[in-house]
Amino acid sequence: MDALPSESLCIIWSSADAEVALNMAFMYARNSLFKGWWRRTRLLVWGPSARVLSESPELQKELESLREAGVELWACKACADKYGVAEKLETLGLTVQYTGQPLTDMLKQGWKVLTF
């Protein structure tokens, strides 16, 4: 993707509350691309959200709509391993990897970060 870091957004979803995902993180991620607010949007599933996503068909369905909208879907491997859901998240199409260094790189490059 040819977006400058200043045009790129990383949304960190760490909440175990499914409503936070549906009504805040996912909604903003989808609209950020549909409405042209950001040229590049990445959703990072981090912490307890990994477990919640692995268990919720409703969230999984919404995740597919994010993918179709062009949102990049990532999950923290350390978090997913801690909850025993890394393989499940991979089957859902998320890029599951250690994210400490990539997140640090995004911050240093000038990405905007929004946390839910």
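Modeller: What follows is an account of strand β3 and its pairing. This is a predicted model, in which local features need pLDDT of at least 70 and side-chain atom pairs count only at pLDDT 80 or more, while totals for chains, interfaces and linings use all residues. Residues are numbered from 1 along each chain as its sequence is written, and side-chain values use heavy atoms, with hydrogens and water left out.

Strand β3 covers residues 72–76. Strands here are DSSP runs of E with at least two residues, numbered from the N terminus. Five of the five residues of β3 are buried, so the strand is largely enclosed by the rest of the structure. Buried means under 20% relative accessible area, with a 1.4 Å probe and protein chains only. The burial applies to both faces of β3: Glu72, Trp74 and Cys76 lie on one side, and Leu73 and Ala75 lie on the other.

Next come the partners of the strand. Two strands pair if DSSP finds at least two bridges between them. Strand β2 (residues 40–45) runs parallel to β3 and is joined to it by four bridges. Within this pairing, Leu44 has Trp74 of β3 as its bridge partner. Strand β4 (residues 95–97) also pairs with β3 in the parallel sense, over three bridges. Here Trp74 stands opposite Thr95 of β4.

Methods: Buried < 20%, exposed > 50% of the residue type's maximum accessible area, 1.4 Å probe, protein only.
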